[in-house]
Amino acid sequence: MDITYVLWALLVCLVFYLVRTIKGPSVWDRLLGMNLVSTKIITMIAVFASINGAGYILDFAIIYALSGFIGTIFVALFLMERQKGGKK
């Protein structure tokens, strides 16, 4: 099996996750959808690096994963504070 089929399958999953992100009934569904999109992009970067034999591209995947994780945490904390009404 050619590894480009894996990239196409990941791209199809990415489209489904984007649709879920846009149509999500709640903000939490949209946040989860964006997290899934981020995960698929990281996976696609890793597969692309594997195809081309370029290990240095994996550094970009790691940086993207860390920034996505930190961003998700900050957005979740912001949404939790907003739902509580800003009270401590």
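This is a predicted model: local features need pLDDT of at least 70, side-chain atom pairs count only at pLDDT 80 or more; totals for chains, interfaces and linings use all residues.
Two packed helices are described by the angle between their axes and the distance between the axes. For helix α2, which spans residues 27–52, and helix α3, the axes come within 9 Å and cross at roughly 175 degrees. Because an angle over 145 degrees counts as roughly antiparallel, α2 and α3 are described as roughly antiparallel to each other. On the α2 side, the residues that make the contact include Trp28, Leu31, Ile41, Ile42, Ile45 and Phe48. Helix α3 contributes, among others, Ile57, Leu58, Tyr64, Val75, Leu79 and Met80. In terms of residue class, 18 residues of this contact are nonpolar and 4 are polar, while no charged residue takes part.

Charged side chains do meet elsewhere in the model. The count of salt bridges comes to 1, and the pair concerned is Lys84 and Glu81, with a separation of 3.5 Å from N to O. Both residues belong to helix α3, where they are 3 residues apart and therefore separated by about one helical turn. Glu81 has a relative accessible area of 29% and is thus partly exposed.

Gly71 also lies in helix α3, which comprises residues 57–84. With a relative accessibility of 27%, Gly71 is classed as partly exposed, since this value falls between the limits of 20% for buried and 50% for exposed residues. Gly71 and Leu18 are 53 residues apart along the chain, and their C-alpha atoms are separated by 18 Å.

Notes:
Residues are numbered from 1 along each chain as its sequence is written. Side-chain values use heavy atoms; hydrogens and water are left out. Helices (H or I, at least four residues) and strands (E, at least two) are DSSP runs, numbered from the N terminus. Buried means under 20% relative accessible area, exposed over 50%, partly exposed in between (1.4 Å probe, protein chains only). Axes are lines fitted to C-alpha atoms, for helices over the stretch in contact, and angles run from 0 to 180 degrees between N-to-C directions. Angles under 35 degrees count as roughly parallel, over 145 as roughly antiparallel, 65 to 115 as roughly perpendicular and the rest as oblique. Contact means heavy atoms within 4.5 Å. Ala, Val, Leu, Ile, Met, Phe, Trp, Tyr, Cys and Pro count as nonpolar, Asp, Glu, Lys and Arg as charged, and the others, Gly among them, as polar. A salt bridge is a side-chain nitrogen of Lys or Arg within 4 Å of a carboxyl oxygen of Asp or Glu.
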